[in-house]
Amino acid sequence: MSQARIGVPDYEAIPLPDRRHFSDAEMVERAERFLAEMKTRHTVRDFAPTPVPRGVIEACLLTAGRAPSGANHQPWHFVAVGEPAVKKRIREAAEAEEKAFYAGKAGDEWLSDLAPLGTDSDKPFLETAPWLVVVFAERYRIEANRKIGKNYYIGESVGIATGMLITALHCAGLATLTHTPNPMRFLNQICGRPENEKPYLILVAGHAADDATVPRHAKVKKPLEEIATFL
Ligand code: IYR
C-alpha cells in the first residue's frame with residue numbers, strides 16, 4: 001500500500017543513467033585539465049557592452065538547475081536581465097545602497113578588508129554587461145493550494161547552483177562578477193519576484209572589456225595544504 005503524502009510521489013528506483021568509466025590515469029588527467037580551465041576564471045569588474053546570445057545564458061541556467069538541493073526542492077529562481085531599462089534601475093538602486101555601505105555603514109574592518117580589491121560604490125558594470133542574472137533563494141514554497149511548504153538547506157543549495165552557474169558561464173567563455181549590494185530587497189520589486197524569495201546575489205555576465213584589470217590580491221589563492229586535510 002502506498003504511504004505517499006498527497007502531492008509527494010512514491011519512491012521508485014531507476015538504473016543510474018549516464019554511467020561513465022574512466023581509468024585512474026584518465027581521471028587525474030581530466031581533473032587537472034579542469035583545474036587548468038578553472039584557473040583561467042577571474043572575477044571581472046570591467047565589462048564590454050558586446051551582446052551575448054540569450055541561448056548561452058539559457059544553457060548555463062539549465063546547468064545551474066542540475067545542482068543538488070535539499071529534498072530536490074530546487075529552491076532557486078534566476079532572473080536574467082538583458083533589458084537596458086531594468087539594468088539601469090538595478091544599477092541606481094544598488095549604487096544608492098553601496099554609497100551608504102562605503103560611506104561607513106560597512107564598518108572600518110570590512111572597508112579595510114576590501115581595500116586590496118579596489119571596489120567602490122560606482123557600479124557601471126550593472127549597465128555595461130549584457131546580462132545580470134539575479135539569483136533568488138526560495139525561503140519557502142507556495143504550493144498549488146496556497147499551502148506553505150518547507151525548503152531545506154536553502155543557502156547550501158542555492159550556493160551550489162550559483163557555483164555551477166559561474167562555472168558554466170566561464171566554460172562557455174564569459175566573464176562573471178558576483179555582486180552583492182547590501183541590502184538587496186529592492187531586487188524583488190524590480191524583478192517582480194514574490195515575498196517568499198530572497199535575493200541571493202547578482203551574477204554579472206558578459207565579455208571582459210579590452211582594458212579589463214583584476215586586483216593582484218584576488219589572484220593569491222591558498223595552497224592545498226591550507227585548504228585541505230587528508231585523514
Ligand atoms: N557589496 C559591495 C562590497 C563588497 C563586499 C565584499 I565581502 C566583496 O568581496 C566585494 C565587494 C560591492 O560590491 O562593492
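Analyst: Helices and strands here are DSSP runs numbered from the N terminus (H or I, at least four residues, for a helix; E, at least two, for a strand). Keep in mind that this is a predicted model, where local features need pLDDT of at least 70 and side-chain atom pairs need 80 or more, while totals for chains, interfaces and linings use all residues. Residues are counted from 1 along each chain as its sequence is written, and side-chain values use heavy atoms, without hydrogens or water.

To get your bearings, there are eight helices and six strands in the protein. Read from the N terminus, they go α-α-β-α-α-α-β-β-β-α-β-α-β-α. Along the principal axes, the C-alpha atoms fill a box of roughly 65 × 50 × 40 Å.

Now for the ligand. The residues around it, meaning those with a heavy atom within 4 Å, are Glu98, Phe101, Tyr102, Trp110, Leu114, Leu117, Thr119, Asp120, Lys123, His179 and Thr180. Two helices, α3 and α4, each put at least two residues into this shell. The biggest share comes from α3, which gives three residues.

Let's look at who touches what through N and O atoms (a polar contact is a pair within 3.5 Å). The side chain of Glu98 has an N or O atom 3.0 Å from a nitrogen atom of the ligand. Thr180 uses its backbone instead: an N or O atom there is 3.0 Å from a ligand nitrogen. Over at Lys123, a side-chain N or O atom comes to 2.4 Å from an oxygen atom of the ligand.

So where does the ligand sit? The space it takes is the largest pocket. (A pocket is an open set of points on a 1 Å grid over the protein atoms alone, where a 1.4 Å probe fits, with protein on both sides within 12 Å along at least five of seven lines; lining residues have an atom within 4 Å of a point. A molecule sits in one if more than half of its atoms lie within 2 Å of its grid points.) The largest pocket has 21 lining residues, and nearest its centre are Glu98, His179, Thr180, Pro181 and Asn182.

You'll find Pro183 in the loop between β5 and α7 (186-191).

Technical notes
Polar contact = N/O pair within 3.5 Å; in protein donor to acceptor, adjacent residues only side chain to side chain.
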